[in-house]
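Trainee: I'm new to this one and would like to learn how to read it. Could you walk me through it, feature by feature?

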Amino acid sequence: MNVPLLDVNAQNLPLEAELTAAFTKVLRSGQFIMGPEVDALEKECAAMVHASHGIGCSSGTDAILLALMALGIGPGDEVLVPTFTFFATAGCVSRTGATPVFVDACPVCFNIDVSKAAAKITPKTKAIIPVHLFGQSADMDAVMALANAHNLFVIEDGAQAIGALYKGRPVGSIGHFGTYSFFPSKNLGGFGDGGLLVTSDDALAERARLLRTHGSKPKYYHKAVGGNFRLDPLQAALLRVKLAHYSEYTTRRQANAAHYSAALAQLPGVVPADPAHCKCAASQDAWLADSGARIVLPVPYAHNSHIWNQFTLRIIGQGQRDAFKNHLSSLGIGCEIYYPVTMDQQECFAYTPDAARADCATAHRLASEVISIPIFPELSAAQRDAVIAAVASFLAA
Ligand SMILES: Cc1ncc(COP(=O)(O)O)c(C=O)c1O
């Protein structure tokens, strides 16, 4: 049985009538830039994540860039970012003229290892961008403590985690800014590119809104150099249709994750991650060797509500992850490596000092071990079983 990594049609086509009505409404309104649909989506999303302001953006990438610009980050500044993330987190820092400083990952939750971030702070450090990777919050108490101690701005990159909770608080509402992506593969997936910036700081919201439209206020009078970072009303109208179903999508992803966790843990060589071995690479290595794990299952921290944008396994052993990928692909099971190359090892960031690179060993290891399997909400029981059978046959081979 073929199982795609993601099936957007399974989610969108049942909503075809509602989506078509939303499209027609915008079509007939004749308003294709800003307006009531964008306003409404901004308010609805901001309410969902407990932020005072929502600012629709052209993409999750542009939301991060806009946040950095609104905070005045630029040449001469340094910004701490996880090295194990999607490119946009680091790329946006570079685009402002600032320098991204790469921080290692936690082997349990895959997020920034805040304990290693402190050592990288210099007088030039202005901000930190924790990423809530795969749908689970980073350690926000540690991030905020570090930021408060060093007077840093915090931009939460929640591209993969809109609606995820950290100790009961929605991610994105804890730092100065939160950013989200509506890229089609995200949990709230749109019909093209789109994103959102949120904040509860009135002045920062005003600054971000100004910069979203070329810094102009009033029209054709430019107070600052911004960009065109607007979300289209068509996109907003369609996203609002899906937003009404969002909690159901999350519940289904969580049910799929629970099913995988229970079923896969029965297989010999499959071991759930152990949060007790989260921060220390040495104890992690010893734990892995003792456990005899060939595959490590993701286990969310008890204080987090994980929304499972990805269900990411670690396949232990030289060359094993690629063998696993080939095995699943040969059986028609979709899978993807998020991410095969850490940011400090990207060609465009070759100027990263060697010392910083050596300090990202856990992330380098994760990049060679991780692989994500289908977790989308509409996954059928038969599809789920086919994925589990494929994992079992890899282990039995
Ligand atoms: C962690 C992370 N940050 C930022 C982005 C950028 O979002 P977008 O693709 O909407 O620009 C993504 C999405 O791909 C992401 O996964």
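Mentor: A residue counts as buried if 20 or more other C-beta atoms lie within 10 Å of its own, exposed if 12 or fewer, and partly exposed in between, with C-beta atoms placed from the backbone. Keep in mind that this is a predicted model: local features need pLDDT of at least 70, side-chain atom pairs count only at pLDDT 80 or more, and totals for chains, interfaces and linings use all residues. Residues are numbered from 1 along each chain as its sequence is written.

Trainee: Where is the place of Ile 295, and which residues is Ile 295 in contact with?

Mentor: Ile 295 sits in strand β11 (residues 295-297). Helices (H or I, at least four residues) and strands (E, at least two) are DSSP runs, numbered from the N terminus. Contact means that two C-beta atoms, placed from the backbone, lie within 7 Å. Setting aside neighbours within four places in sequence, Ile 295 is in contact with Gly 269, Val 270, Leu 313, Arg 314 and Ile 315.

Trainee: How do I read the side chains of a strand such as β5?

Mentor: In a regular strand the side chains alternate between the two faces of the sheet. Here, Phe 153, Ile 155 and Asp 157 point one way from β5, Val 154 and Glu 156 point the other way, and all are buried. Strand β5 (residues 153-157) is largely enclosed by the rest of the structure, because 5 of its 5 residues are buried.

Trainee: Which strands run parallel to β5?

Mentor: Strands of a sheet pair through backbone hydrogen bonds, either parallel or antiparallel. The rule used is that two strands pair if DSSP finds at least two bridges between them. Strand β4 (residues 125-128) is joined to β5 by 2 bridges, and the two run parallel. Across that pairing, Ile 128 stands opposite Val 154. From β4 the chain goes through helix α7 (residues 140-150) to β5, a right-handed β-α-β crossover. Right-handed means that, with the strands pointing away from the viewer, the path from the first strand over the helix to the second runs clockwise. Strand β8 (residues 177-181) also runs parallel to β5, with 3 bridges, and Thr 179 in β8 is the bridge partner of Asp 157.

Trainee: What about the antiparallel case, and which strands stand at the edges?

Mentor: Look at the open sheet of 3 strands in the order β7-β6-β12, where the pairing is antiparallel. β7 (169-170) and β12 (304-305) stand at the edges with a single partner strand each, so one side of each has no neighbour in the sheet. β6 and β12 share 2 bridges, and Tyr 166 stands opposite Asn 304 in β12.

Trainee: How many residues has the largest nonpolar core?

Mentor: In soluble globular proteins, nonpolar side chains tend to be buried together. A nonpolar core here is a set of buried Ala, Val, Leu, Ile, Met, Phe, Trp, Tyr and Cys residues joined through C-beta atoms within 7 Å. The largest one has 114 residues, and Ala 127 and Ile 128 are among those with the most contacts inside it. Helix α4 (residues 60-70) gives the largest share of this core, 8 residues. The core lies between domain 1 (8-245) and domain 2 (247-396), because both give residues to it. Those bounds come from an automatic or database domain assignment.
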